[in-house]
Protein chains: 2
Amino acid sequence: MERHFDQELAKLKEELLRMASLADAAVANALKALVQRDNALAEQVHVGDDVIDKLDVEIDDRAIKLLALRQPTASDLRFITMAMTISGELERIADQAVNIAHRALELNKEPLLKPLIDIPRMAETARGMIREALDAFVYNQPDRARAVINRDNDVDNINRQLHRELTSFMIEDPHTITRCLSLMSVAHNLERIADHATNIAEEVIYICEGRDIRHQPTTP
Amino acid sequence: MERHFDQELAKLKEELLRMASLADAAVANALKALVQRDNALAEQVHVGDDVIDKLDVEIDDRAIKLLALRQPTASDLRFITMAMTISGELERIADQAVNIAHRALELNKEPLLKPLIDIPRMAETARGMIREALDAFVYNQPDRARAVINRDNDVDNINRQLHRELTSFMIEDPHTITRCLSLMSVAHNLERIADHATNIAEEVIYICEGRDIRHQPTTP
């Protein structure tokens, strides 16, 4: 019986990792659609979101069933409730990727404003945060999760800097306004992806240490 | 024993309602700070957020303890896991109120761009959605929750319309760009508040009917 329960937990973890990998791929493809001006790829991100939505519902169902049938305690209980939270965060990450893909379709209709440098950099950092948060989860490494939380500031800083730069662009040349707004929107979506990765990292620390670190200042 | 468990569930519900009322008040005050150009009130919203953050952690702790000690089944189990989700949504609503308060402080430094009409209207709709979602929860009324979900489109439409209007403002007069960006940001925060209210409504339907309606098209 115990053995079977372990298998069910392993299955839950596996589905969560599959969802994480799909969410990360959605972000990567949305960015590629933007940078390479590839409309077909942008459409794919939109279509692929259904699979991620279904996985979110499946993981929640599986978790609720495990809670009801197995009545787990202590660390297993925490693991299962947090799996539900993590799948919710991954689903929101994928939604942000869809938003980026929409903006890519808009931007691809107009001439390139300028070569994109900061946005791909933000995307790389945010994707790294997702992967690290999930690795911290798989290997039970709270220190790795802590490193993710500290990187959130980097993304916020690039976003603020880009926001200032794009505002100057708009003031200098009002013809660029709609394109600048779309790029600001993409940067904002990436900032939210980093926030969701941070939320996952906080959950991992909670699973590992049974300690809620939300709403506390982070150490530098 | 059963009686005591009922009291614990009632206590959980009570804390959730207290949190909802604080989150709603935060949104109301942030808007008032913006419309009446009241910096002191904007600061209050920021300070008050700590109380809401603490309640979020308390509710999660209480829920996890109930799951561990009482090992509830069926509807009680769903109620407890969803209480955790709802408190997370309320916490995010309060965070958006803090963002609005920050923008109010920025906007109050500059002359009024134009009388605010659409933004207060969005805020009223979004606040109504929060209250209705919580009432639907208290009185177990899935139909009321469904009405909340349908109103989300209204908020999205006002936001889109305002975005277009502010973009025209910026193009006509680049001096208004920073103020228009701040107002767009406020509108975006309100749109996200309405999204969180929608998420709560979806949870309520799930609690009432044991059926996951996320990621499904809504009926008009």
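B:Glu58 sits in helix α2 of chain B, which covers residues 39–70. In this predicted model, B:Glu58 counts as partly exposed because 15 other C-beta atoms lie within 10 Å.

**How the two chains pair up**

- How is chain A related to chain B? A rotation of 180°, with 0.0 Å of shift along its axis, puts chain A on chain B with an RMSD of 0.0 Å. That is the relation of a two-fold axis.
- Which residue of chain A comes closest to that rotation axis? It's A:Gln71, whose C-alpha is 2.8 Å away.
- At the meeting place, 23 residues of chain A are in contact with 23 residues of chain B. On chain A's side, the elements that give two or more residues are α2, α3 (74–107), α5 (142–172) and α6 (177–209).
- Helix α2 of chain A gives the most to that side, with six residues.
- Sorted by class, the side of chain A that touches chain B has twelve nonpolar, six polar and five charged residues.
- Do the copies meet through the same surface or different ones? The same one, because 100% of the interface residues of chain A are also interface residues in chain B.

**The overall build of chain A**

- Chain A has six helices and zero strands, so if you read along its sequence you get the pattern α-α-α-α-α-α.
- Its C-alpha atoms fill a box of roughly 65 × 40 × 20 Å, taken along the principal axes.
- A compact globule of 220 residues would have a radius of gyration near 17 Å, and chain A has 19 Å, which agrees.
- Buried residues make up 44% of the 220 residues in chain A.
- Take the contacts in chain A between residues at least 6 apart in sequence: 79% of these join residues at least 24 apart.

- Helix α2 of chain A (residues 39–70) has 32 residues, and at 1.5 Å a residue it should span 46 Å; its end C-alpha atoms are 47 Å apart, which agrees.
- The buried residues of α2(A) include A:Ala42, A:Val45, A:Ile52, A:Leu55 and A:Ile59, and also A:Asp49, A:Asp56 and A:Asp60.
- Just after α2(A) comes A:Gln71, with a positive phi of about 40°. This is the residue of chain A that comes closest to the rotation axis.
- Over in chain B, helix α4 (residues 118–138) has 21 residues and should span 30 Å at 1.5 Å a residue; its end C-alpha atoms are 30 Å apart, which agrees.
- Among the buried residues of α4(B) are B:Ile119, B:Met122, B:Ala126, B:Ala133 and B:Phe137, along with B:Arg127 and B:Glu132.

**Inside the core**

- The largest nonpolar core has 135 residues, and those touching the most other members are A:Ala30, A:Ala126, A:Ala133, B:Ala30, B:Ala126 and B:Ala133.
- What does B:Ala30 touch, leaving aside its neighbours within four places in sequence? It is in contact with B:Ala42, B:Val45, B:Ala97, B:Ile100, B:Ala101 and B:Ala104.
- A:Gln96 is in helix α3 of chain A. Is A:Gln96 buried or exposed? It counts as buried, because it has 24 C-beta neighbours inside 10 Å and the cut-off for buried is 20 or more.
- Not counting residues up to four places away in sequence, A:Gln96 touches A:Asn189, A:Arg192 and A:Ile193.
- A:Met82 is 14 residues from A:Gln96 along the chain, and their C-alpha atoms are separated by 21 Å.

**Loop residues with a positive phi**

- Here's a handy rule: most residues other than glycine have a negative phi.
- B:Arg37 isn't a glycine, yet it has a positive phi of about 55°. You'll find B:Arg37 in the loop between α1 (2–35) and α2 of chain B, and with 15 C-beta neighbours inside 10 Å it counts as partly exposed.
- B:Asn140 isn't a glycine either, and its positive phi is about 50°. B:Asn140 is in the loop between α4 and α5 (142–172) of chain B, and it is partly exposed, with 13 other C-beta atoms within 10 Å.

How values were computed:
Residues numbered from 1 in each chain as written. Chains lettered and ligands numbered in written order. Predicted model: local features only at pLDDT ≥ 70, side-chain atom pairs only at ≥ 80, totals over all residues. Least-squares fit on C-alpha atoms with pLDDT ≥ 70 in both. Contact = placed C-beta atoms within 7 Å. Helix = DSSP H or I, 4+ residues; strand = E, 2+ residues; numbered from the N terminus. Rg over C-alpha atoms; globule rule 2.2 N^0.38 Å. Buried ≥ 20, exposed ≤ 12 C-beta atoms within 10 Å, placed from the backbone. Expected span 1.5 Å × (residues − 1). Core = buried A, V, L, I, M, F, W, Y, C linked by C-beta atoms within 7 Å. Nonpolar A, V, L, I, M, F, W, Y, C, P; charged D, E, K, R; others polar.
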